[in-house]
Each structure stands twice: as structure tokens, then as C-alpha cells.
Amino acid sequence: MLVARSIALFALAALLEIGGAWLIWQGAREHRGWAWIGAGIVALGAYGFVATLQPDAHFGRILAAYGGIFVAGSLAWGMVADGYRPDRYDVLGALVCLVGVAIIMYVPRGR
């Protein structure tokens with residue numbers, strides 16, 4: 001159950017961080033205005049709190065693993081929101097990152 005909770009928290013963190021950055025991008029680069037930028041700032045702030053809910057207590061481990069989620073999630077966001085089509089190397093790189101996440105977070109450790 002802890003693994004499922006952890007994965008759900010990583011997914012929520014990705015939604016908030018990538019979505020927040022995208023909203024700021026849209027507000028500033030696509031001239032959609034301050035409301036979009038403000039919504040992005042709120043989402044990015046919420047992302048910072050979601051990371052603290054991970055069951056593992058090690059900040060460095062959580063953020064290192066989240067980096068892999070961010071890579072894969074960013075490519076997925078680009079596909080859905082902007083019509084980006086990753087090539088096979090993008091997909092391979094994202095899969096390598098997700099394997100890294102699994103190793104960092106979910107391989108049993110002797111304590």
C-alpha cells in the first residue's frame with residue numbers, strides 16, 4: 001500500500017509542478033495574462049507541499065526520484081497539451097528514468 005501511495009503522490013506532484021510551469025509559460029510566453037501566471041505560482045507552491053507527504057523521510061531521495069517522474073511526465077504533458085510527439089529516444093530516456101525511480105524508491109534496503 002505504501003508503494004501505491006508513493007506513486008500517487010509522485011503523479012500529483014508531477015501534475016502540480018509541470019502544470020504550474022506550463023501555466024506560467026502560457027501566461028508569459030503566450031501572453032495569456034497574469035491570472036495564468038498566478039495559477040501557475042499557486043500550483044508550484046502546492047507541489048512543494050505534496051513532496052513532503054511521501055512516506056520516505058529522506059529529502060534527497062524523494063527529489064532525486066521525482067526527477068525521473070518529472071522527465072517522463074514532462075514528455076507526457078507535452079504530448080497532451082502541446083501536441084508534441086516524442087521520438088523513440090525520448091521514450092527510451094523516459095523509461096530509463098522511470099527504472100531509476102523504481103530503484104531509488106522501491107528496492108528493498110537492509111537497514
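At what angle do the axes of helix α1 and helix α3 cross? The axes of helix α1 (residues 2-29) and helix α3 (residues 59-82) cross at roughly 55° and come within 9 Å. That angle makes α1 oblique to α3; angles under 35 degrees count as roughly parallel, over 145 as roughly antiparallel, 65 to 115 as roughly perpendicular and the rest as oblique.

The model is predicted: local features need pLDDT of at least 70, side-chain atom pairs count only at pLDDT 80 or more, and totals for chains, interfaces and linings use all residues. Residues are numbered from 1 along each chain as its sequence is written, and side-chain values use heavy atoms, with hydrogens and water left out.

The crossing of α1 past α3 is right-handed. In α1 the contact (heavy atoms within 4.5 Å) involves residues including F10, I18 and W22. On the α3 side, Y66, F70 and W77 are among them.

Helix α3 also packs against helix α4 (residues 88-106), at an angle of about 155° with the axes 8 Å apart. This makes α3 roughly antiparallel to α4. Here the crossing is left-handed. Among the residues that meet are I62, A65 and I69 in α3 and C97, L98 and V101 in α4.

The table divides each contact by residue class; Ala, Val, Leu, Ile, Met, Phe, Trp, Tyr, Cys and Pro count as nonpolar, Asp, Glu, Lys and Arg as charged, and the others, Gly among them, as polar.

| α1 with α3 | 13 nonpolar residues | four polar residues | two charged residues |

Methods: Axes fitted to C-alpha atoms, helices over the stretch in contact; angles between N-to-C directions. Helix = DSSP H or I, 4+ residues; strand = E, 2+ residues; numbered from the N terminus. Left-handed = near helix turned anticlockwise from the far one by under 90°.
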